[in-house]
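Let me put the model up first, and then I'll talk you through it.

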Amino acid sequence: MSNFNEADQGTYVVLAPEGKFNLVAAPPIKARIDDLVAAGKARIVVDLQAVDFIDSSGLGALIGGLKTARQQGGDVRIAAAGEQVRAVLKLTNLDRILSPYDTVEEALHDW
Amino acid sequence: MTGENEYVLEGFAVPDQLDAVHALLAEAAAAHPELDPMDVMLFETAIIEIANNVVEYGQPEGEVHWKFTIRVREDEIEAELDDTGQVFTPTQGAAMPGEDAEGGRGLAIAEAVLDKIEFERLDDTNHWRMVRRLGQTPPV
């Protein structure tokens, strides 16, 4: 299921995938981030509250999106990551460039 | 093997079937409440990465048949995966890719959380055996 919700808040956009953020769900999210950045919306929060599992494809989509957004002066930040997501970020050392914020509000701190 | 602690899934190695692999492990975990949820979670992360590999690279695409067997023992949890895809040579022992890499982490993640990961080609089948010892600390 490649389901995700999107909320454009003006200065930033929140994308909220659900369920498994895996090789099925990752490509549409990555494509959406690319489209948003191309449209000048490079500040993106990925709200992971409803994600119970991430795989390396999901991580790849986040890293790819992060690179695209940063090239345009924006960022991709993640919020409300569950235990499995945090464990995988740590295992892969990606928590250093994709620090998990507890809430969407905290992710916005300097925007 | 009595079959009591064995959970088996057979089907095609296609993206939709990944949910069935999650469900198979959930079934095993539900029947074994003694399992530490952290062990189950990390084991799930590993076996899904290996399953992803078969789904993504197994040829002919959509026609690869697989069989997953999960066994819960007192001191370890094991998964065996047999698939009918083409001959495959995994690059084991690869380092975790750098932080800006968009791919190449699957096997490295699996190796990081498994105590044993074995691969062999048996006749026309790829055979994976994945084991995590239970109750280790620290878990990651």
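Predicted model: local features only at pLDDT ≥ 70, side-chain atom pairs only at ≥ 80, totals over all residues.

Residues are numbered from 1 along each chain as its sequence is written, and chains are lettered from A and ligands numbered from 1 in the order in which they are written.

So, chain B has three helices and five strands (DSSP runs, H or I of at least four residues for helices, E of at least two for strands, numbered from the N terminus). Along the sequence they come as β-α-α-β-β-α-β-β.

Now the interface. Here 21 residues of chain B are in contact with 22 of chain A, contact being C-beta atoms, placed from the backbone, within 7 Å. On the chain B side, α2 (37-57) and α3 (106-113) each give at least two residues, and α2(B) has the largest share, eight residues.

And what does α2(B) pack against? Helix α3 of chain A, residues 83-91, at about 60° with the axes 11 Å apart; axes are lines fitted to C-alpha atoms, for helices over the stretch in contact, and angles run from 0 to 180 degrees between N-to-C directions. From α3(A) you get Glu83(A), Gln84(A), Ala87(A) and Val88(A), and from α2(B), Met41(B), Leu42(B) and Thr45(B).

Conventions. Contact = placed C-beta atoms within 7 Å.
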